[in-house]
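Student: I would like to learn how to read the features of a protein model. Please take one feature at a time, with the general idea before the case.

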Amino acid sequence: MKKPKTKTPALMLGWREWLCLPELDIPAIKAKIDTGAPTSALHAFHVEAYKEHGRHLVRFGIHPLQKRKDIELFRIAEVADYRRVSDSGGHREMRYVIKTPVLLAGSTWDIEITLTDRESMQFRMLLGRTAMAGHFTIDPQASYLTGLSLKKAYKKEQRSRNTP
């Protein structure tokens, strides 16, 4: 008789967590874990698409910390797609989509992220359900179940980190 397969329990996340986007050299960003959003979104400003050596790229700025405009990061990523996305209010807009690894709770995997202006939003990033599928379960009453160590990634004296 075959033993029934047991599924390894997924790691538990709270409704907000600190994560890292290592290929974008973003050492820490607080993300809302949003099971209602299919797509992940990253705060971006000065979004500029261009072509270089036959590759479609996008250059963008980010303020990774809420209420800290003194910390600006400027990054470049390859464009994976350009698609129409609806926000939680039903407003539709065209957004650039990039693919990049995310590091969360000791695991790294590739996700798609749309770039959009989230300056007025509480969180600089949303981690959508497609990015989490098969990796985590969510406790909507808990926060920072993976820890707060990334919170210290930006020092007060740091003002600007730019892509060369």
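Student: Which residue forms a salt bridge with Arg55?

Tutor: A salt bridge is a side-chain nitrogen of Lys or Arg within 4 Å of a carboxyl oxygen of Asp or Glu. Here Arg55 pairs with Glu78, and the closest N and O atoms are 3.4 Å apart. The pair links distant parts of the chain, with Arg55 in strand E6 and Glu78 in strand E7, 23 residues apart. Helices (H or I, at least four residues) and strands (E, at least two) are DSSP runs, numbered from the N terminus. This is a predicted model, in which local features need pLDDT of at least 70 and side-chain atom pairs count only at pLDDT 80 or more, while totals for chains, interfaces and linings use all residues. Residues are numbered from 1 along each chain as its sequence is written, and side-chain values use heavy atoms, with hydrogens and water left out.

Student: How many salt bridges does the structure hold, and which residues are linked in a network?

Tutor: The structure holds 8 salt bridges. Asp81, Arg83, Lys99 and Glu112 are linked in a network. Within it, Arg83 bonds to Asp81 with closest N and O atoms 3.0 Å apart. Lys99 forms a salt bridge with Glu112, where the corresponding distance is 4.0 Å. Lys99 is exposed at 55%, whereas Glu112 is partly exposed at 30%. Arg83 is partly exposed at 23%, and Asp81 is partly exposed at 30%.

Student: What does Val79 touch?

Tutor: Contact means heavy atoms within 4.5 Å. Val79 lies in strand E7. Leaving out residues up to four places away in sequence, Val79 touches His56, Leu57, Val58, Tyr96 and Val97. Val79 and Ile98 are 19 residues apart in sequence, and their C-alpha atoms are 5.1 Å apart.

Student: Which residues of the largest nonpolar core touch the most other members?

Tutor: A nonpolar core is a set of buried Ala, Val, Leu, Ile, Met, Phe, Trp, Tyr and Cys residues joined through side-chain atoms within 4.5 Å. The largest one has 34 residues, and those touching the most other members are Leu19, Leu21, Ile26, Leu42, Phe60, Met125 and Leu127. Elements that give two or more residues to this core include strand E3 (26-34), strand E7 (72-86) and helix H1 (129-132). The largest share, 5 residues, comes from E3. As for Leu21, its contacts beyond four places in sequence are Ile26, Leu42, Thr100, Pro101, Val102, Ile113 and Met125.

Student: Where is Asp25, and what is its phi?

Tutor: Asp25 sits in the loop between E2 and E3. Its phi is positive, about 55 degrees, although Asp25 is not a glycine. Ala105, in the loop between E8 and E9, also has a positive phi, near 55 degrees. Asp25 is partly exposed at 43%, and Ala105 is partly exposed at 33%.

Student: What does the secondary structure of the protein come to?

Tutor: There are 1 helix and 12 strands. Buried residues make up 40% of the 164 residues.

Technical notes: Buried < 20%, exposed > 50% of the residue type's maximum accessible area, 1.4 Å probe, protein only.
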